[in-house]
Amino acid sequence: MSSAALEAPGWSRRQFDIVRMSAIRQLKVRYRGTMLGVLWSFANPILMTGLYALLFGTAFSSYYDGSVVRYIFSAFVGVLVVTFFSQATSEALVSVVSNGGLINKIAVDPETFPIAAIAANTFQQSITTFPAIIVLSIAFTHDPLRAVLAPVVLAALVALVTGFGLALAALFVFFRDFAQLWGVISFIFWMTSPVFYPAALVPANVRPWFEINPVGLAIAALRDVALGRGPIDGLLLTKFVVVSLVFLLAGHGIFRSRRDQFMDLL
């Protein structure tokens with residue numbers, strides 16, 4: 001890695017331009033030759049939600065005031081969170097190593113690449129599923145405050161993903177087996193989050209383990225602002241925002257503390 005890359009001062013306009021161009025390139029490569037393009041980021045959760053509704057909609061509707069429709073939208077929120085989290089972090093994980101040759105040739109902050117991976121995923125969600133959450137909040141809750149809080153929760157979700165992505169990108173430079181390990185860990189996050197089943201089904205003795213899952217916390221917070229009824233769970237929303245910021249700062253700190261050691265490994 002060039003010494004200029006390590007000594008580059010904070011982010012400049014050039015760095016932001018590199019992030020933008022890298023994110024655009026990733027999206028073009030990902031959807032090259034497809035008819036729907038970035039709309040696949042909306043089609044995939046819709047298809048998964050439809051499958052869950054077909055298999056479990058009637059069985060679990062009693063937990064949603066007897067409404068299959070509420071179950072469908074609740075499952076949609078869960079699928080949105082876990083797919084965004086899994087895809088964005090998985091792409092961020094390999095981003096530094098994948099761009100190792102470029103990092104060694106030009107003065108660019110290695111942090112540029114995991115940020116670009118997350119930016120690409122955030123952009124495609126911002127034109128598909130994220131607006132759908134705000135529409136759901138308006139249509140289901142009829143609560144202006146919840147509609148205002150929905151973008152705040154979505155921003156906290158992006159912060160959470162960014163924190164994980166930065167930490168994973170740094171760790172993968174040192175431990176190349178981490179790609180396979182993260183696949184298992186992200187699946188555990190998925191299965192211990194109430195994505196397609198109601199949280200009430202979780203046995204009381206294991207519920208505390210579910211409650212420390214940040215992905216499950218994200219789902220609960222997003223469901224509260226998009227589908228909730230009655231008083232807003234301010235404690236839940238505050239907890240999620242704080243947890244997301246903690247993960248963001250921790251991930252940034254891990255990346256910054258390790259990036260000087262990337263030189264011999266890329």
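1. Buried means under 20% relative accessible area, exposed over 50%, and partly exposed in between, with a 1.4 Å probe and protein chains only. Helices (H or I, at least four residues) and strands (E, at least two) are DSSP runs, numbered from the N terminus.

2. A word on the basis. This is a predicted model, in which local features need pLDDT of at least 70 and side-chain atom pairs count only at pLDDT 80 or more, while totals for chains, interfaces and linings use all residues. Residues are numbered from 1 along each chain as its sequence is written, and side-chain values use heavy atoms, with hydrogens and water left out.

3. Geometry of α11. The helix runs over residues 214-227. From first C-alpha to last it reaches 19 Å, close to the 20 Å expected at 1.5 Å a residue. The expected span is 1.5 Å times one less than the number of residues. At the start of α11, a side-chain oxygen of N213 comes to within 2.9 Å of the backbone nitrogen of V215. A polar contact is a pair of N or O atoms within 3.5 Å; within protein, one must be able to donate a hydrogen and the other to accept it, and residues adjacent in sequence count only if both atoms are side-chain atoms.

4. The largest pocket. Its volume is about 700 Å³. The lining has 27 residues, and P194, A199, A220, R223 and L236 lie nearest the centre. Elements giving two or more residues to this lining are α4, α10 (207-211), α11 and α12 (234-258). α11 gives the most, with six residues. By class, the lining has twelve nonpolar, six polar and nine charged residues. Ala, Val, Leu, Ile, Met, Phe, Trp, Tyr, Cys and Pro count as nonpolar, Asp, Glu, Lys and Arg as charged, and the others, Gly among them, as polar.

5. How space was found. Rolling a probe the size of a water molecule over the atoms shows where empty space is left. On a 1 Å grid over the protein atoms alone, a cavity is a set of points where a 1.4 Å probe fits but cannot get out, and a pocket is an open set with protein on both sides within 12 Å along at least five of seven lines; lining residues have an atom within 4 Å of a point. Grid points are joined across faces, edges and corners, and a volume is the space filled by probe spheres set on the points.

6. The second largest pocket. Its volume is about 190 Å³. Residues lining this pocket include R25, R30, E91, N99 and F113. α2 (13-30), α4 and α6 (112-126) are the elements that give two or more residues to the lining. The classes are four nonpolar, four polar and three charged.

7. The cavity. The count comes to one cavity of 30 Å³ or more. The largest cavity has a volume of about 30 Å³. V82, F85, S86, S186, F189, W190 and V215 line it. Five lining residues are nonpolar, two are polar and none is charged.

8. Helix α4 covers residues 68-98 and holds T89. T89 counts as buried because its relative accessibility is 0%. Leaving out residues up to four places away in sequence, T89 touches V161, F164, G165, L168 and W182; contact means heavy atoms within 4.5 Å. A75 is also placed in helix α4. A75 is buried, at 1% relative accessible area. The C-alpha atoms of A75 and A53 are separated by 7.9 Å, at 22 residues apart along the chain.

9. Positive phi in loops. D65 is not a glycine, yet has a positive phi of about 60°. D65 lies in the loop between α3 (40-60) and α4, and is exposed at 59% relative accessible area. Phi of H142, a residue other than glycine, is near 50°. H142 lies in the loop between α7 (129-141) and α8 (144-174), and counts as exposed at 66% relative accessibility.

10. One more loop residue. L39 lies between α2 and α3. L39 is partly exposed, with a relative accessible area of 45%. L39 and I72 are 33 residues apart in sequence and 20 Å apart in space, C-alpha to C-alpha.
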